[in-house]
Amino acid sequence: MSNKRPTPKLSSIDELLLLSQGPNLTTSSPENSGVTSLLLSSLIPFHKHPFKLYEGKKLDDLIESVLENGVLIPVIVRPLEQDSFEILSGHNRVNAAKAAGLLHIPSIVKEHLTEAEAVIIVVDTNFHQRSIQDMLPSELARALQMQLEACKEAKQKQSKMSEIEKAQFTSNDKENGEGVPVGHPGKSVDEVSEKNDMSPTNIKRYLRLNHLLPELMERVDQGEIKLRPAVDLSYLKREEQQTVESLIHGQGYKVDMKKSELLRAKSENRNLTEQAASAILSGESSRKPKNKVPAPFKLKHKVYAKYFSPESKATEVEEIIDKALTLYFSLQSEPEQHPLIEEEEI
């Protein structure tokens, strides 16, 4: 049986983080603001965790810190069935504590959370603890998508509650114009933008990355494909994205803004064939056609001085050269004439 106790509902992520910095975090006394100690074996990862966990040196450093100081910031969990708990914040701390040989970990148990509230804790605590610049594009894209969906769910719930409250007003209240205005809910993207101090345009760009094939998303994470070209690729159909990925993998092609825009335009016109994609990615479709007109040149003075006197006019020289070239090329095109040689009779 786990050492679980209900905790008071906190009003914000900031309050949760403030609580998590309190002293003596391994006990569950009232003066410690609801922090309790849970068995590590009873904790399971969040079912839609969008962030990659620490590996290598990062994980080793965290394990060393836990060995020296213990877990200083409690994890945040919600109760599940059979005395198990789902981790909302602290996946890396849990992994480090297990690797360090600990059996228990200081925890904040959040009761009666909706799925949207749980998602908000998962995403917002990570945004508080890490900068956006430290996140991989794929992590940020998934986290923003989860945050957006949670905001939409919260708005729908708020809208329903407002309708119920509005329905409870009497006719006198309506006639007098009294009551609580519902107000404009605003756009969910704008809410996510304000929450993370990112422009709505950038939010929408990262959200588009969720439409990429995993292989192309990995290339974005590795820096092979930049954000803006990746957004263009996200508008391609799945089979078209697979074609692009196969060409990149097989031929080593690079994708820049110009190529991605051409690919997207071809896709929108429904003619992005494998041949067209290859021509775009190889750069062939962007190459200027070779000029069929010979390059201009100057005839050296010592060449035409052999044939013309100083008194010759330029127009006369040009006319004679034109006639000479005409005669020359006409002779070149005629079949070579060989005289018939008759065998001498003996």
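**Sheet.** I started with the strands and found an open sheet of five in the order β1-β5-β3-β4-β2, with mixed pairing. β1 (35-39) and β2 (43-44) are its edge strands, each pairing on one side only. My strands (E, at least two residues) and helices (H or I, at least four) are DSSP runs, numbered from the N terminus. I call two strands paired if DSSP finds at least two bridges between them.

**Ground rules.** This is a predicted model, so I note that local features need pLDDT of at least 70 and side-chain atom pairs count only at pLDDT 80 or more, while totals for chains, interfaces and linings use all residues. Residues are numbered from 1 along each chain as its sequence is written, and side-chain values use heavy atoms, with hydrogens and water left out.

**β5 and its partners.** I looked up β1 against β5 next: they run antiparallel, joined by five bridges. Ser37 stands opposite Pro106 in β5. β3 (residues 75-79) pairs with β5 (residues 104-109) in the parallel sense, over three bridges. There I found Val75 bridged to Ser107 of β5, and Ile76 bridged to Ile108 of β5.

Why is β5 largely enclosed by the rest of the structure? Five of its six residues are buried, so that is how I logged it. Buried here is under 20% relative accessible area, with a 1.4 Å probe and protein chains only.

**Helices on the sheet.** I see α3 (residues 91-99) lying across β2, β3, β4 (85-89) and β5, at about 120° to β4. α4 (residues 115-129) lies across β3 and β4, at about 45° to β4. The angles run from 0 to 180 degrees between N-to-C directions, with axes fitted to C-alpha atoms, for helices over the stretch in contact (heavy atoms within 4.5 Å).

**Second largest pocket.** I noted a volume of about 310 Å³, meaning the space filled by probe spheres set on the grid points, which are joined across faces, edges and corners. A pocket is an open set of points on a 1 Å grid over the protein atoms alone where a 1.4 Å probe fits, with protein on both sides within 12 Å along at least five of seven lines; lining residues have an atom within 4 Å of a point.

Which element gives the largest share of the lining? α15 does, with five residues. α14 (301-304) and α15 (314-333) are the elements giving two or more. Among the lining residues I listed Phe297, Tyr304, Phe308, Ile320 and Tyr328.

Terms used. Buried < 20%, exposed > 50% of the residue type's maximum accessible area, 1.4 Å probe, protein only.
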